[in-house]
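Morning, everyone. Please bring the structure up on the screen. I'll start with the ligand and then move to the pockets.

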Amino acid sequence: MSVSTPFYYYDLTLLENTLAAMQAAINNPNFKVHYAIKANAEDRILQTIKKQGLGADCVSGNEIKKALEIGFEPNDIVLAGIGKSDEELDLAISQGIHSINCESIEELEVINEIAAKHDAVANIAFRINPNVDAQTHHKITTGLNENKFGIPITELDAAVDEILTHKNLALKGIHFHIGSQILNLNPFANLCQQANHVIANLKARGIVLEHINVGGGLGINYTDPESQLVPNFVEYFRVFEKFLNLEDGQTVHFELGRSIVGQCGSLISKVLYVKKGVNSNFAILDAGMTDLMRPALYNAFHKIDNISKEGELEPYHVVGPICESSDTFGKTDLPKTSRGDYLKIRSAGAYGQVLSSNYNLRDRAAAVYSDEVSLEEYISNNERIEELEAV
Ligand SMILES: *Cc1c(COP(=O)(O)O)cnc(C)c1O
C-alpha cells in the first residue's frame, strides 16, 4: 500500500545539525535549554532532541507524560500554562518535576493544597508578564499587559507576599516568554533589562533565585529557508550573555521550540487540480488547513516548491481542499504546475503536525523520516505503487 499524500517529511540530519549548532553556540555552563514540546511532539523528533541532552518544556499534563515516556528526567521537565487543571498539577507534583511556572497569584493556593496532599514542596517559578513588545505577529505576542499570560510585573510584590505564606511552595525562579517568531533581537535585550529589575527587587527582599527562565521565541527564516536552515543561535545567546546580570550560581533556562524544529519539517502534498480563476490560477492541493493551520491561523507564509517541475515561474494561488476561504497557503510563483505534481511546503516542522485536526473527518497526515528513506526515493516508490494499483 502506498502512503498517500499529504505527509510530513522530517530531515533528521538537519535537526541534529541544528541541535549541534545550538549547543555549540552556548558557551556558558549555566545556560540550559528546555525544548518546547508543543512545537512538535512526534516521538522520533523528541528522541533526537532528548539524545542531545536538552530538557523539556511542557504546557499540559499529557506533554509531561509524553516527556517521561520518551525518557526525559523529571528534573529536566518544567510546566507552564495559564490554566493548569488540578489533575495536571497533581501529575507535576507527584512526579517531582523541576519547576511549575506559576502564572497567577490565584494559582498559588491551589498548587499549595495539592503539594500538601502529597506532603511535598513544589518548586515554583513566577511567570512574569514584563510588558515587553516582541515585535512579532500580534497573535503570537504574549508579553504585553493586554495578553492573558503571566503575573503583571506590578503584582510581583503581592505574589511574593502570598507565596511566603504557603509552606508547601518554594520560590526558585522567574519565568518570561514574550512571544514567538522573534527575529529582531532587541526585544530580548529589553526582556533582560526587565529581568534584571526583578532579580534586584527580589534580592532586596532577601530572595535569591536559582534560575531565570527567559522562555523561547527565536524565529526562523520562512521566506528563504535555504539561506538560513539553522537559526542564528550565536547572536541569540550572546544577547543574554551581554544583558543579563546574574548572581553566582544562577542558571538561565531557555525554552526554544520553533528555532529547533521549524526548518527540519516539510509538508508534502500533491496537486489535485489547477483551476483557471478570474484573477489567478488556483493550484488546489490535497493538503489543507487541517494539515498545516499556520497560514489560516496567523496569516503565516510558508515557501512552496514544486519538486516535480522546473522552468519559468508563473503565479498561482495555492489553496487546500477544505470548505473554508481561509484554507489557503497564499499566492506564490511556481513552474508551470499540473495535476499530480508534488509540492513541498517548507519550514513546517514547528506548529505544523501538532496543530493538525481531522476537521471534515479528514485523515491526519503521517510522518516520514529521512533516515528511513530519502524524499525522492519515497515519492518515486509511491508513484510506482500507484501505477501498479491503477492496473
Ligand atoms: C510556546 C512556548 C515556548 C516556545 O516558543 P517558540 O517560539 O517555539 O520558541 C516557550 N515557552 C512557553 C511558555 C511557550 O508557551
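Look at Asp 57: an N or O atom in its side chain is 3.2 Å from a nitrogen atom of the ligand. That is a polar contact, a pair of N or O atoms within 3.5 Å. Ser 180 has a side-chain N or O atom 2.3 Å from an oxygen atom of the ligand. Glu 255 puts a polar side-chain atom 2.7 Å from a ligand nitrogen. How much of the ligand does the protein bury? Of the 390 Å² the ligand exposes alone, 94%. Those areas are Shrake-Rupley values with a 1.4 Å probe.

A word on the source. This is a predicted model, with local features needing pLDDT of at least 70, side-chain atom pairs 80 or more, and totals for chains, interfaces and linings using all residues. Numbering runs from 1 along each chain as its sequence is written, and side-chain values use heavy atoms, without hydrogens or water.

Back to the ligand. 14 residues surround it, with a heavy atom within 4 Å. Lys 38, Arg 258 and Tyr 351 are among the closest.

Now, pockets. A pocket is an open set of points on a 1 Å grid where a 1.4 Å probe fits, with protein on both sides within 12 Å along at least five of seven lines; lining residues have an atom within 4 Å of a point. Among the closest to its centre are Asp 11 and Arg 346.

Definitions and conventions. Polar contact = N/O pair within 3.5 Å; in protein donor to acceptor, adjacent residues only side chain to side chain.
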